[in-house]
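I am opening this notebook to record what I looked up in the structure, entry by entry, with the cut-offs written beside the terms.

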Amino acid sequence: MSGTDSENVGQGRISRKALIYVAISIITITWVLPTLGLLINSFRNPQDIRTSGWWTVLGEVLDPSTWTLQNYQVVLDEGFGNAFLNTLAVTVPAVVIPLTIAAFAAYAFAWMEFPGRNILFLVVVGLMVVPLQMALIPILRLYTTLDLTGTFPAIWLAHTGFGLPLATYLLRNYMGSLPSEVMESARVDGANHWVIFTRIILPLSVPVLASFAIFQFLWVWNDYLVALIFLGIEPDKRVLNVELADLAGRGEGALSLLPAAAFVTMLLPLAVFFGLQRYFVRGLTAGSVKG
Amino acid sequence: MTTPLSSPEYDSTSEGLDPTSPARRRFTKAVTVLAIPTLIFVFALAVQLSKDSDIPKLAQVAVALLLGVLGIWALYWAMDRAVSLLPARWAVRARPLVFVGPALLALTVFLVYPATHTIIISFFDNGSDVFVGLDNYSTILTEDKYQRGIINSVLWVLAVPALSVAIGLGYATLVDKLRPRTETIAKSLIFLPMAISFVGASVVWAFMYYFRPEGFGAQIGLLNGILVALGLDPVNWLNQEPWNNGFLMFILIWLQVGFSMVILSAAIKGVPTELQEASRIDGATEWQTFRRITVPMIASTIVVVWTTVAITTWKVFDIVAVMTGGRNGTQVIAQQMVEEFFDFRRFGIGAALAVILFIAVIPILVVNIRRFQAQEEMR
């Protein structure tokens, strides 16, 4: 290779590199700026939020009168504190219950002998294609008959039903791939299914349990539709996203509260995102077949 | 012959003891007999608790958490104990039922029954009293506003997955050339919206698209702020038919690019570098290498990401409901379905819309599940 050639290549590399940086920067800024703007807005005076864009703080960053925690205070007092607790009471059981039920079922599908095992498992997998929209009307009617509408167990069970096919499918695939020797030797030692499941299979399945738990956590925490329909819009019953959607619908009057309210809603998912990013990604990948 | 053990501690400590000794049996029986009614009572209590607004919220939540989490495990434990009481021959047959029964019950009650019911009421009038055959479906296919909904939904499904994949793939390819640390940060920033709910994202973008008519105060939406700074007139973005659909779609693209980027980035890193090197040595440009080597190698991943985003898009509800409520020609099927059902109480039309959502999803998901299955088998 001659000298001039390598020089040309070198120059091409530099300008190409610059181009790559420019492209990356443009996309990154477009993706970050909306959230960043909202974050800045959430700490501004209510009056300022209503009368000027968040970017105007650039000139007054150091002025202490620009910043306030007032919005967060108001938002937490005005229903979002309550809604946070409601969301917690909805989400934790709505993750644990389907995870538990699916784990037991997955173990049975993988390691127990019973008639119709394969056909039943296929049916479970097939149910992944049913969108939850198909279930809304009849379940609400059922709940109305049983007087369950607006209760926590009602929404736990609904989320359980919607989450089960994917959970059972993922866990069954994982548990089925565990080495059978472990179970054989446990059985020889006299362990029954309960012991094998709780002492051997569950500890070995922690990675897939964590992935699904995170996926389901995000799904339930960020859900709006299911909570809207089964818990309703009574102020006492609202979860965060129902409360936030309601606030967003109030127009100009609630404008100054929206940014802080949105961040209260995002707090826990963002914490999970930063804390457990690897599991988070795995959970999303796993969830890619949810109907 | 199987000898069911009475408790998990038992197997490690007292091997060889008769697990069905009379005292033990009596104890287990007592516990089991009491456990199931207790659990039913506890469940009823949880229902009552969440209805009673006089009890302090914190206490309500604490009790709900305890019941929801411990209750489900107690249920299985009690059932397993109950089965242990049966004669060994019966216990062997009954135990799979304990493990798989609750799942099948939940699936029947919450998916099989309601889906069947929805299909049935889609053939009845809006009060679910009179059989009307395919009337609801023909209404949806002929009436203007439903046609708009279907067309919009189809446009969403054409645009959102395509752009999410394109931007995700482009970004993944570009950051692949950065130093690993910078790459991680760059990816996290794009990925972050994945943690945000659709409602939250709508609020984020409400402050991008915010519009005030001239003379009604300063623009507080970034896009109009830019327009005004450039000396142009502000635009009421969410009113501009048909472009407002595109502005709503961009919110979902913004949410989905992170997902597409992370999955595609992992796939790109799986392409053997020798192949790319070889193509470069043969004189291929960076673009040719990308088009002819990288893209074909990750084609199956692209299909998975595409279909996944397509399904999410097809069922989009929250963004439209929060941003425009389906006004100004922005209605989509999933949002119309909820609207018909809750605002207008037209159950027949609502159910028919749900069925249309369902039928369109089936082929895509079948492909996805098959692919996933094949992938799992290769591992």
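This is a predicted model: local features need pLDDT of at least 70, side-chain atom pairs count only at pLDDT 80 or more; totals for chains, interfaces and linings use all residues.

Entry 1, a single residue. I began with Ala88(B), which counts as exposed because it has 12 C-beta neighbours inside 10 Å; a residue is exposed at 12 or fewer other C-beta atoms within 10 Å of its own, buried at 20 or more and partly exposed in between, with C-beta atoms placed from the backbone. Ala88(B) belongs to helix 4 of chain B, which covers residues 88-121. I also looked up its separation from Val304(B), 216 residues away along the chain, and found 47 Å between the two C-alpha atoms.

Residues are numbered from 1 along each chain as its sequence is written, and chains are lettered from A and ligands numbered from 1 in the order in which they are written.

I find 13 helices and zero strands in chain A, where helices (H or I, at least four residues) and strands (E, at least two) are DSSP runs numbered from the N terminus. The radius of gyration of chain A is 25 Å, whereas a compact globule of 291 residues would have one near 19 Å; the radius is taken over C-alpha atoms, and the globule rule is 2.2 Å times the number of residues to the power 0.38. Along the principal axes, the C-alpha atoms of chain A fill a box of roughly 75 × 75 × 35 Å. Of its 291 residues, 52% count as buried.

Chain A is divided into domain 1 (3-66) and domain 2 (70-289), the bounds coming from an automatic or database domain assignment. The C-alpha centres of these two domains of chain A lie 36 Å apart, and their contact takes seven residues from domain 1 and eight residues from domain 2; two residues are in contact if their C-beta atoms, placed from the backbone, lie within 7 Å. On the domain 1 side of that contact, helix 1 of chain A gives the most, with four residues. For chain B the assignment gives domain 1 (10-121) and domain 2 (136-378), with 42 Å between their centres, taken over C-alpha atoms.

Because 31 of its 42 residues are buried, helix 3 of chain A is largely enclosed by the rest of the structure.

I find 94 residues of chain A in contact with 100 residues of chain B. Helix 3 of chain A gives the most to the chain A side, with 16 residues.

Which residues of helix 8 of chain B are buried? Among them are Phe198(B), Trp205(B) and Tyr209(B).
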